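Q: Could you take one part of this model and go through it closely, giving the cut-offs behind each term as you use it?

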Amino acid sequence: MAKLNLNPADFEGINDGAPEILPVGEYTMQIIQSEMRPTKAGDGEYLWLEFEILAPKYAGRKFWERLNLFNKNEVTVKVAKKQLSAICSALNFATLPTDSEQLHFKPLKVAITHKENKQGNLETRAAYLGANTSAPKAESAPAASAPAPKPWERHKK
């Protein structure tokens, strides 16, 4: 048996090492690594992209994307090609590059959203925007010309 002389306060704020999900918002990022990798099932390949956030709040934080470009599921391939096309468009490529390294170290804006998956966990979704563009903003409500009716006045005819 060992006597532990530990201060519980030294253990506060220690996380389990799991990265936190990237908050919803727009980020300026760049691709810093890429490679083709085999799928888990071994029947296809995906383009693995590692992004690094350049600014503002989360500078240096990483984000990863997998584009299933070679897969037996045609819908998966179509989605991956659409995402790769959006990345290339955001980086001002007129045609698809011949090597993924051509995408490296070029800033682009990425709009991050969240979607709940089948297991009930949040997944990060990315939309790729040009370096000088922004995601469409929600339309604001038109300004009211008259004050809002009182709760008891709403149901009067």
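A: What follows is a close look at one helix and its surroundings. The model is predicted, so local features need pLDDT of at least 70 and side-chain atom pairs count only at pLDDT 80 or more, while totals for chains, interfaces and linings use all residues. Residues are numbered from 1 along each chain as its sequence is written, and side-chain values use heavy atoms, with hydrogens and water left out.

Helix 1 covers residues 74-90, helices being DSSP runs of H or I with at least four residues, and strands runs of E with at least two, numbered from the N terminus. Its 17 residues should span 24 Å at 1.5 Å a residue, which agrees with end C-alpha atoms 24 Å apart; the expected span is 1.5 Å times one less than the number of residues. At its start, a side-chain oxygen of Asn73 comes within 2.9 Å of the backbone nitrogen of Val75, and the helix is followed by Asn92, whose phi is positive, near 65°.

Val77, Ala80, Leu84, Ile87, Cys88 and Ala90 of helix 1 are buried, that is, under 20% relative accessible area with a 1.4 Å probe and protein chains only, whereas exposed means over 50%. Viewed down the axis, the buried residues of helix 1 fall within an arc of 165°, so they line one face; the arc is taken from the directions from the helix axis to the C-beta atoms. On the other side, Glu74, Val75, Lys78 and Lys82 are exposed. The cover over the buried residues includes strand 1 (25-38), strand 2 (45-55), strand 3 (62-70), strand 4 (108-116) and strand 5 (122-129).

Technical notes
Contact = heavy atoms within 4.5 Å. Polar contact = N/O pair within 3.5 Å; in protein donor to acceptor, adjacent residues only side chain to side chain.
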